[in-house]
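Subject: Structure handover

Hello,

Here is the structure we talked about passing on. Please open it alongside this message.

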Amino acid sequence: MTVEDESSPFFLRKTHAISCYEQNNTSPASAQEKPIGFLKAQEKTDAFHSLYKVPLGDTPYGRAKHLQLVEKDPAGAIASFREAINAGDRVDSALKDMAVVMNQQNRPLEAIEAIKSFRQLCSKQAQEPLDNVLIDLFKKCGRFNEQISLLKHKLHLIQQGAAFNGKFTKTARSNGKKFQVFIKQESTRVLGNLGWAYMMQHDYCSAEIVYRKAQTLDPDDNKSCNLSVCLMRQGKVEEAMGILQGVLNNNKRGKSKLLDRVEVLLKEIRESETEVRTGEECQSAASRLEDLEWVWCWEDGGSQKEEEWDAAVEVHRKGNRLRVFQEITSALKEEVAF
């Protein structure tokens, strides 16, 4: 082991460098504890906000989210969301979140009025999410005419390319997570909701054709069951049984709730006489359909590729109606004539 000569120039330069480093990087114990504690508190705060999805900062919207998600105080959250809207603090999110909390508190009518009163303060990008909330609220309140009108509006936006900005996909968010939605999926979802709304109005003629359109885009067992119900209510028992049997064959293992529903529907067909819709009722439905404006039109059973989408959804107008409404009205009139 060699011993360094403390009088050598190399040793002196080394000692000077160490001294300078210690002076620049050493501080009293109290000064060291402060940044470490601050960093720990900052990490804890960031983890808290990340866990509860609460915005940073003491703002009206931040306080509202804290009341909603942390303190579980919906009444206080609603009041703070309203305060945020009046203060212009993240109005888009505040209005949507307030309506959602109102709906959770079984106050859907207030939520509807709130959206109608404040949506003009929101940006253009916020209008579609607000429409989605309104659709759920109309459904909960049984206001099916308004629900149908809004669903048709959504279909019109999709057909025009406005809902997807001319693209085939768009980014959506659910529970804080982003995911891609395809135009086919969204079209099928909206058509399914439209068919259900017609069913709630006992307009099975219209619901049948809307469900058939949805099935050409993206076949779904639940929609098949709803379609079979529409057929049953119109006395088309054999076709309804064929659709239900197809669902059973496709789901021999699993989806117990779906299979239970199919069995119930088949039992209903076997044990009861299905009431056939009269010509007068179909004529009434046909006259109502004359007032309809928009629904999605998908040609050739959805066989086109996405690149051919624009050609596949060519609009055939008669007044302001798309071709599918001409088909619905025509089908209803044929039933009347029959």
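Below is what was found in it, from the overall fold down to single residues.

**Overall**

Please keep in mind that this is a predicted model. The protein chain has 338 residues, and 39% of them count as buried. Its secondary structure comprises 16 helices and two strands.

**Core**

The largest nonpolar core holds 66 residues. Within this core, F81, L95, M98 and I115 touch the most other members. In soluble globular proteins, nonpolar side chains tend to be buried together. Leaving aside residues up to four places away in sequence, M98 touches I78, F81, R82, I85 and A114.

**An enclosed helix**

Helix α3 covers residues 60–69. Seven of its 10 residues are buried, so α3 is largely enclosed by the rest of the structure. The buried ones are P60, Y61, G62, A64, K65, L67 and Q68. Note that K65 and Q68 are on that list. The cover over the buried residues of α3 includes α4 (74–87) and α5 (91–104).

**Helix pairs**

Two packed helices are described by the angle between their axes and the distance between the axes. Three pairs follow, in chain order.

*α6 and α7.* Helix α6 spans 108–118, and α7 spans residues 127–141. Their axes come within 9 Å and cross at roughly 150 degrees. That angle makes α6 roughly antiparallel to α7. The crossing is left-handed. From α6, the residues in contact are P108, L109, A111, I112, I115 and K116. They meet L130, V133, L134, L137, F138, K140 and C141 in α7. I115 is also one of the core residues named above.

*α9 and α10.* Helix α9 runs over residues 183–200 and α10 over residues 204–217. The axes come within 8 Å, with a crossing angle of roughly 165 degrees. So α9 is roughly antiparallel to α10. This crossing is left-handed. On the α9 side, contact is made by K184, S187, T188, L191, G192, L194, G195, W196, Y198 and M199. On the α10 side, contact is made by Y204, S206, A207, V210, Y211, K213, A214 and L217.

K213 deserves a look. This lysine lies in helix α10. Is K213 buried or exposed? At 13% relative accessibility K213 counts as buried, because the cut-off is under 20%. K213 and G192 are 21 residues apart along the chain, and their C-alpha atoms are separated by 9.2 Å. Both residues take part in the α9–α10 contact.

*α11 and α12.* Helix α11 comprises residues 221–233, and α12 comprises residues 237–250. The axes come within 8 Å and cross at roughly 160 degrees. The two helices are therefore roughly antiparallel. α11 passes α12 in a left-handed crossing. D221, S224, C225, L227, S228, L231 and M232 of α11 make the contact with α12. Their counterparts in α12 are E239, A240, I243, L244 and V247.

**Positive phi**

Most residues other than glycine have a negative phi, and most peptide bonds are trans.

- K72 has a positive phi, near 55 degrees, and is not a glycine. K72 sits in the loop between α3 and α4. At 60% relative accessibility, K72 counts as exposed.
- N106 has a positive phi of about 60 degrees, and is not a glycine either. N106 is found in the loop between α5 and α6. At 58% relative accessibility, N106 counts as exposed.

**Cysteines**

How many disulfides does a search of the whole structure find? The search finds zero. A disulfide is a covalent bond between the sulfur atoms of two cysteines. C230 counts as buried, at 0% relative accessibility. C122 counts as buried too, at 10% relative accessibility.

Over to you.

Terms used: Residues numbered from 1 in each chain as written. Predicted model: local features only at pLDDT ≥ 70, side-chain atom pairs only at ≥ 80, totals over all residues. Heavy atoms only, no water. Disulfide = S-S within 2.5 Å. Buried < 20%, exposed > 50% of the residue type's maximum accessible area, 1.4 Å probe, protein only. Core = buried A, V, L, I, M, F, W, Y, C linked by side-chain atoms within 4.5 Å. Contact = heavy atoms within 4.5 Å. Axes fitted to C-alpha atoms, helices over the stretch in contact; angles between N-to-C directions. Helix = DSSP H or I, 4+ residues; strand = E, 2+ residues; numbered from the N terminus. Parallel < 35°, antiparallel > 145°, perpendicular 65-115°, else oblique. Left-handed = near helix turned anticlockwise from the far one by under 90°.
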